[in-house]
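Subject: Structure for you to look at

Hello,

Here is the structure we talked about. Please open it and follow along with the notes below.

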Amino acid sequence: MIYEHVIMQEDELLKALSIALLGGALKQMWQSIVNAVGGIFGTDQNDIDEATGLSVYEKNLIRSSWDQAMKNKKEFGVGVFFKLFAKDNPSQDLFEQLRDIPLEELKTNKKMKAHAMRVMASLQTLVDGLDEPELLMEMLRNVAKTHRGQKVFQRHYEILGEVLIAQFEEDFKNKFTPKMRDAWLKAYGVMVKGIMEEYDELGMQTHDSDDEKTTSSTKPTEPTIETTERESPECCKVTGLSVCEKDLIRKSWVHFMKNKNENATLLIINLFKMSEGAQDQFQKFKDTNPDDLVDDIRVRSHGLRVIAALNSVVDNLDDTDCLVDMLQHVAHSHHPRGPTKRHFKDLGGVVVATLDHAVGKKFTEDTKNAWVKAYTVILSVIEKEYDTIDGNANEDKVPDAEAKRNEEIRANGDVKKANTEE
């Protein structure tokens with residue numbers, strides 16, 4: 001911690017000491033001290049990662065500024081997307097749930113908050129992967145795949161990077177130093193390049209033509225779940241969780257996240273072992289012994305995405321509107337892919353078992369019961385949304401079936417008429 005603090009404060013110390021002693025040589029001396037301290041821990045702040053082009057020092061600047069942003073992640077994320085839509089209004093049309101909402105109402109809109117939290121969770125996994133290029137590229141490939149068919153092009157990613165930097169500058173003023181800004185620009189450039197390379201690999205369009213810069217303003221009917229109840233001082237009326245139970249969940253999650261890379265892999269391996277048919281949902285892992293996947297970077301990458309989603313749940317235990325909206329999104333994003341309600345039910349047992357293993361003795365019976373209660377709420381929202389999706393699909397099939405029957409009747413009538421004429 002002391003070492004990180006020393007590195008992060010280098011610019012401020014350099015400035016103050018240089019002014020006091022008016023010596024250019026002091027800067028060189030201080031850099032030598034920094035590198036010497038880094039050498040003790042086996043790193044040199046000037047070492048360059050060949051895959052990303054980032055130095056150890058630049059990565060530390062990115063992590064330091066990101067950690068500060070994550071202390072107020074919901075507001076930070078909402079600020080980023082508010083700036084995005086203000087700067088490039090057609091971008092708002094890419095989000096069907098946000099499409100028709102006036103800009104001035106977005107900052108307090110629950111769906112805006114939920115989407116901002118999902119994007120912050122994704123960016124967190126990218127920041128976490130800075131020291132592991134293979135893991136980082138796997139995550140970037142997944143970003144590209146999840147945006148397939150959504151008319152999200154290179155310029156959208158670039159504008160998002162611009163407003164991300166602007167949000168840092170607005171929130172942290174002069175604490176967001178030029179070196180931090182340069183480090184973020186370099187890192188974000190690597191991310192966009194990785195995403196675009198996967199676009200090319202998948203044969204996806206990277207640039208939009210003039211007639212695709214806006215999307216249809218037709219907004220589909222959105223399924224809703226009533227969540228008007230607010231938390232009381234004693235117990236949340238939506239989740240049924242007491243203040244004490246939420247505290248137990250948060251504390252156990254902090255312990256779990258201390259070793260999240262290993263736990264991410266363990267979570268997915270446990271899922272494959274404990275949920276029948278779950279592994280078959282992943283074509284790239286199908287027919288492979290789960291124990292042989294322990295070192296597979298793709299398993300860890302997917303596990304980290306699941307953990308990021310769970311982290312957003314834990315972060316929003318007190319904001320039930322945002323929590324429910326995020327869970328509805330989970331249902332809509334997974335329903336077309338094949339996972340069933342049973343798979344989500346199995347996942348609850350997997351999460352609890354993985355927490356039990358990772359947290360150890362501190363995962364008490366009361367903590368376990370709190371997690372079971374919380375996951376019951378998670379499952380109920382996802383199951384209800386699955387039912388809504390299936391119901392809408394069945395309604396769409398009725399007119400099609402009627403049209404088909406009418407066509408058959410018409411065809412039969414034409415045949416009979418032809419036979420009569422003959």
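A salt bridge is a side-chain nitrogen of Lys or Arg within 4 Å of a carboxyl oxygen of Asp or Glu. Please keep in mind that this is a predicted model. By that rule, the count is 24 salt bridges. The general idea is simple: side chains of opposite charge can pair when their charged atoms come close.

Start with Asp247 and Lys251. Their side chains form a salt bridge, at 3.2 Å from N to O. Both residues sit in helix 10 (residues 243-257). They are four residues apart, about one turn of the helix. Asp247 is partly exposed, at 32% relative accessibility.

Helix 10 also holds Arg250, whose partner Asp318 lies in the loop between helix 12 (297-315) and helix 13 (320-334). The side chains of Asp318 and Arg250 meet at 3.0 Å, N to O. The two residues are 68 apart in sequence, so the pair ties those parts together. Asp318 is partly exposed at 44% relative accessibility. Arg250 is partly exposed too, at 28%.

Next, find Lys83 and Glu170. Their salt bridge spans 2.6 Å, N to O. Lys83 is in helix 5 (residues 73-87) and Glu170 is in helix 8 (residues 154-172). This pair links distant parts of the chain, 87 residues apart. Is Lys83 buried or exposed? Lys83 counts as buried, because its relative accessibility is 19% and the cut-off is under 20%. Glu170 is partly exposed, at 41%.

Last, look for a network. Salt bridges link Asp49, Lys59, Arg63 and Asp131.

Best wishes

Technical notes: Residues numbered from 1 in each chain as written. Predicted model: local features only at pLDDT ≥ 70, side-chain atom pairs only at ≥ 80, totals over all residues. Heavy atoms only, no water. Buried < 20%, exposed > 50% of the residue type's maximum accessible area, 1.4 Å probe, protein only.
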